[in-house]
Amino acid sequence: MKTAVVTDSTSYIPKHIRENLNIHMIPLSVVINGETYREEIDISTGDFYEEVRNGQKLPTTTQPPIGEFEELYKELSKDYDAIISIHLSSGISGTFQGAVAAGDMIEGAKVYPFDSEISCMAQGFYVLEAAMMARDGKEPDEILARLDGLKASMKAYFMVDDLSHLQRGGRLSSAQALIGSLLNIKPILHFVDKVIVPFEKIRTRKKAMNRIEELLGEDARKGEPLQATIIHANRVEDAASWKQELSALYPNVEFTISHFGPVIGTHLGEGAMGLCWTIK
């Protein structure tokens, strides 16, 4: 059975890797000053953060129209028997539901929507694994079973540098944002039951990053080989420095660097940092 792999732009898999592994991508969009930009296509991550820094109004985000899924699935059904479509958590976006609805509309290929229950490169881990297995001719059921196995060991924690984005985006009350800013609180967040919730409140950025590092260390010291990604919101040098530090501490962990693009960056703000990992 020939299987295609589809994801959305919030997996933030670089274009050259998507092309090499034949991964098909549906973009989400950001709306800035009334103009809509498709993530990864119409606006770069660097330009996005510059726009936000200079703008007065926080951008908004939109999920892909169902028609875009339907069109892509129909095109893929000409050459593939099955389509595995992997998307950001259904708890923070309707994108997954769009994939489900579009999959019911097409004939010729069976669509298997997969809710990553997370986002960014943590979601990307599922996509890359599925694409490599599909390339090797694995059946959809075997691929999905492997993704469920990865989900069992997936961990992701991130901290925001500026609470105002969470507050303006409706994820945090004004009072909480004010108190957090006055006390220099850098909350560590994670996904629970498909939604973003606080994990711990830490004072200062450095202490928050150290705490996330501790959480990784708890798993890394068990000795199993892990894959991990440092995710940053326009903090390239900080991410590179953290990768160098962590690589020296945990030789059994394979580290890469990714980023929070426009859609996720709208809600987290510039300066956010994250770390996700799973068993290889």
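Contact here means heavy atoms within 4.5 Å, and the views that follow are taken from a predicted model.

View 1. Helix α4, which spans residues 95-103, lies across β1, β6 (82-87) and β7. The direction of helix α4 makes an angle of about 165 degrees with that of β7. Helix α6 (residues 140-153) also packs on the sheet, where it touches β1, β6 and β7, and its direction makes about 0 degrees with that of β7.

**View 2. The open sheet of four strands.** The strands follow the order β2-β1-β6-β7, and their pairing is parallel. At the edges are β2 (23-26) and β7 (110-115), each of which pairs on one side only. From one strand to the next, the twist averages 25 degrees.

**View 3. The pairing of β1 with β2.** Strand β1, made up of residues 3-8, runs parallel to β2 and is joined to it by four bridges. Within this pairing, Asp8 has Ile26 of β2 as its bridge partner.

**View 4. The second largest pocket and its lining.** This pocket has a volume of about 380 Å³. It is lined by 18 residues, of which Met121, Phe125, Leu128, Thr229 and Thr256 are the closest to its centre. Two or more lining residues come from each of the elements α5 (120-135), β11 (226-232) and β12 (253-259). When the lining of the second largest pocket is sorted by class, nine residues are nonpolar, five are polar and four are charged.

Definitions and conventions:
Residues numbered from 1 in each chain as written. Predicted model: local features only at pLDDT ≥ 70, side-chain atom pairs only at ≥ 80, totals over all residues. Heavy atoms only, no water. 1 Å grid on protein atoms, 1.4 Å probe; cavity = no way out; pocket = protein on both sides within 12 Å on 5 of 7 lines; lining within 4 Å. Points joined across faces, edges and corners; volume = space filled by probe spheres on them. Nonpolar A, V, L, I, M, F, W, Y, C, P; charged D, E, K, R; others polar. Pairing = 2+ DSSP bridges. Axes fitted to C-alpha atoms, helices over the stretch in contact; angles between N-to-C directions.
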